[in-house]
Amino acid sequence: MVPTAGSIGTTLFLRPSALAACYLILLQACGGGSEPATVTPPVVPPPTSSGLDARPGNTSCLAGDRPSSALSLGTQRVFPNLGFSAPIALLQAPGSSSRWFVVELGGRVRVFPDNAAVATSSNFVDITARVRSGGEMGLLGMAFHPQFPVNPRVYLSYTTGANQLQSRISEFRSTDGGATLDPISEVVLLTVDQPATNHNGGNINFGPDGFLYIGFGDGGNGGDPFGTIGNGQNLQTLLGKMLRIDVSGTTGAVPYRIPAGNPFAANGLCNNGAGAQACPEIFAYGFRNPWRWSFDSGSGELWVGDVGQNLWEEVDRVTVGGNYGWRCREGAHDFNLTCGLANNLINPIAEYGHGVGVSITGGFVYRGAAIPSLAGRYVFGDFSSGRIWHIARDTTPTLTMTTGFDSALQIASFAQGIDGELYIVNYAGTLHRLTGTSTGSGSVPAVLSASGCVDMQNPTRASANVIPYLPNAEFWSDGAAKDRFMALPNGQNIVIGADNDWTLPNNSVLVKNFRLGTRMLETRLLMRHTDGSWAGYTYEWNAAGTEANRVIGGKTATVNNQAWIFPSEAQCLLCHTAAAGFSLALETSQLNNSITYAATGRNANQLTTLNAIGVFAPALSGAASTQPVLPNPNDAARTLTERARAYLHTNCAQCHRPGGGTPSTMDLRYTTPLNATNACNLPPQSGNLGIANAQLIALGDAARSVVVSRTGRRDSFAMPPLSSSLADTQGAQLLTSWVAQLTSCN
């Protein structure tokens, strides 16, 4: 307040902008100079109820042009002086890039040094006398023990038997330090009678969990030798399955054990191929012929190429206990209607029709460095047409593939070197490396310190040009603590919509740090690029906490004895949906709370602060006390209904709302009345999870409520469906308590 010249003793209350103008007028009136442009008015801070004195300037933490690229694949023959007889696999020993091993269908494994000019190969092992080969029979797979050659065991998968054809999984040992395998050291782990000479599968590999995985086809004869819906759906046979066994010990006279996580682990062994109960060796089922499959070295995910029947070839991302459809479906299409209304079938990630290929060869998620644009993408091909495709590993099911890259090779198998580069085994006898070139514009920094969003001297700290924020209801992130910041371009503002959701201007960046204990683990940047499109990028912190490197294509790492999932670029947008406005937590009801601002040490309401420093345009109308508030699900002072609905809003409603992109019609937004959510006392639309008389939300009965069950799971039926390896037990208990006391949908 200031006295005016004409009314001494009279007090005027002026806005800060009017005060500054008044100051200039007084200067001129009192002879303060005739060049007001050179005079700096006093800085007038916002009201002390604001947590910040001014909006920070921002010229560095900005989203520029969105990266884009066009990728062209190619192949280059390698080891041109070598030739092989019907090769079906190529691999290196764990941790050793000095040698390559080629598996030949007839029963030999050849070995040679990693030398481009090598002219000869030698036998690593020869079991041709035991192998029945030809067509889809033969020596079909090989897997080194993860500690080879310290642990000198190697596992072979092959077909044998003059009359009764059998698939055999056997252990062999090296007695010369890993130079060769001793053929007389064979220990048979399990055998499976094969009813036909096709659909034998046969690939084997160790998973990141240290267990041995085995893939078997359905036994041929159309996969229906018993006149039923086929071996793929028959849980009392090992045919048509992906198996998982533990070779670190024995079960009685049988040289393997059953991992506790297998879906039927408590049942009697099926080491002769069948049993009286569901076989405990089963990891997943519903396959026709999983010829080639692999684990992603970044995420640990299991990718399977399942050979189709007459019309469709499919790519499956396989999880424990999953049913992948055969012989109920071929690809994503009904095949045998005797399956009835089976609703636990998992869609393939991708498929292609027999117009472009007729026999899929599963590949690998690319983790090499030579083709940056391919990073984190799953590469696969077709044996007959030679076509090669690549898809994002988080592709939404089901993508239909078309032309692809024509390699002109008979793609018997893909291979991945220790360095992550991909190779192709040509059944005609030659080996090839996958190559690629890409062009594009725009870029995202490879290291977080170059983003402009963190302190250059200490990247664990936010830069001075960002604004902290904290939502009332936080998304579950496997127990991690999170810090959040927004960075807005100078002169641009946030617009608040009629639904109280916020729209950020182009070039904005949202920063989110994740910490487990005291360790900085991950930083995610959600950017609105120059063209208005949103994109997400993630960075992994080094153990020293001095820098974070960008992760392309996503990955999974073990941190503090838990699996931590770094999402891929596409996975970011599976949660940050257009229907939810992309930014998710930036809505009026989420930020209507008080936080302490490190820049000033003041505790203040976030809406009041952002309004005072001019972030909104137009300004927020009305005090924070008049604005909506989303409850904190952990606030015991709020009702169970308020807390549970807030939990569903922040963890589920970004997808489960109108336009959210799910096959469900549920609307789980906090503001939607329960009787309008399309969830209360209504049956599920995407499977009942084996729950009798299941409802999405069953009044008074959490055990029959699929929404509750999905929250407590971490498998292919979990919700949220990605980027989490630990179930939110506290959240599931909150929903359980809420549903248990529900008596009405009103």
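Q: What is the volume of the second largest pocket, and what makes a residue part of the lining?
A: In this predicted model, the second largest pocket has a volume of about 880 Å³. A residue counts as lining if it has an atom within 4 Å of a pocket point, and 37 residues line the second largest pocket. Gln92, Asn205, Phe206, Phe364 and Gln416 lie nearest its centre.

Q: Which elements supply at least two residues each to the lining of the second largest pocket, and which gives the largest share?
A: The elements are β4 (87-91), β8, β12 (204-206), β16, β22 (360-365) and β27 (411-416). The largest share, five residues, comes from β8.

Q: How is the lining of the second largest pocket divided by class?
A: The lining of the second largest pocket has 19 nonpolar, 14 polar and four charged residues. Gly counts as polar in this scheme.

Q: What makes β8 an edge strand?
A: The open sheet of four strands has the order β8-β9-β10-β11, with antiparallel pairing. Strand β8 (139-144) pairs on one side only, as does β11 (182-193), and these two are the edge strands. The twist in this sheet averages 20° from one strand to the next.

Q: How do you know that β9 and β10 are paired?
A: Pairing takes at least two bridges between two strands. Eight bridges join β9 (residues 153-160) to β10 (residues 166-173), so the pair meets the criterion. The two strands run antiparallel, and tyrosine 155 stands opposite glutamate 171 in β10.

Q: Which strands are at the edges of the sheet that contains β4?
A: β4 belongs to an open sheet of four strands in the order β4-β5-β6-β7, with antiparallel pairing. Its edge strands are β4 and β7 (122-126), each pairing on one side only. The average twist from one strand to the next is 25°.

Q: What makes β6 and β7 a pair?
A: Four bridges link β6 (residues 108-113) and β7 in the antiparallel sense. The criterion is at least two bridges, so the two strands count as paired. Valine 111 stands opposite serine 122 in β7.

Q: Why is β16 called mostly covered?
A: A residue is buried when its relative accessible area is under 20%. Six of the six residues of β16 (residues 290-295) are buried, so the strand is described as mostly covered. For the protein chain, buried residues make up 51% of the 746 residues.

Q: What joins β16 to β17, and how many residues lie between them?
A: β16 and β17 (residues 302-306) pair in the antiparallel sense over five bridges. Proline 290 stands opposite aspartate 306 in β17. The two strands form a hairpin with six residues between them, and glycine 300 in the turn has a positive phi of about 80°.

Q: Why is threonine 523 called buried?
A: Threonine 523 is found in strand β35. Its relative accessibility is 0%, and the limit for buried is under 20%, so threonine 523 counts as buried.

Q: What makes the 2.9 Å approach of threonine 523 and tryptophan 541 a polar contact?
A: The cut-off is 3.5 Å between N or O atoms, with one able to donate a hydrogen and the other to accept it. The polar contact joining these two side chains is 2.9 Å, so its distance falls within the cut-off.

Q: Why is arginine 638 called partly exposed?
A: Arginine 638 lies in the loop between α3 (606-612) and α4. Its relative accessible area is 27%. Buried requires under 20% and exposed requires over 50%, so arginine 638 falls in between and is partly exposed.

Definitions and conventions: Residues are numbered from 1 along each chain as its sequence is written. This is a predicted model: local features need pLDDT of at least 70, side-chain atom pairs count only at pLDDT 80 or more; totals for chains, interfaces and linings use all residues. Side-chain values use heavy atoms; hydrogens and water are left out. Axes are lines fitted to C-alpha atoms, for helices over the stretch in contact, and angles run from 0 to 180 degrees between N-to-C directions. Buried means under 20% relative accessible area, exposed over 50%, partly exposed in between (1.4 Å probe, protein chains only). On a 1 Å grid over the protein atoms alone, a cavity is a set of points where a 1.4 Å probe fits but cannot get out, and a pocket is an open set with protein on both sides within 12 Å along at least five of seven lines; lining residues have an atom within 4 Å of a point. Grid points are joined across faces, edges and corners, and a volume is the space filled by probe spheres set on the points.
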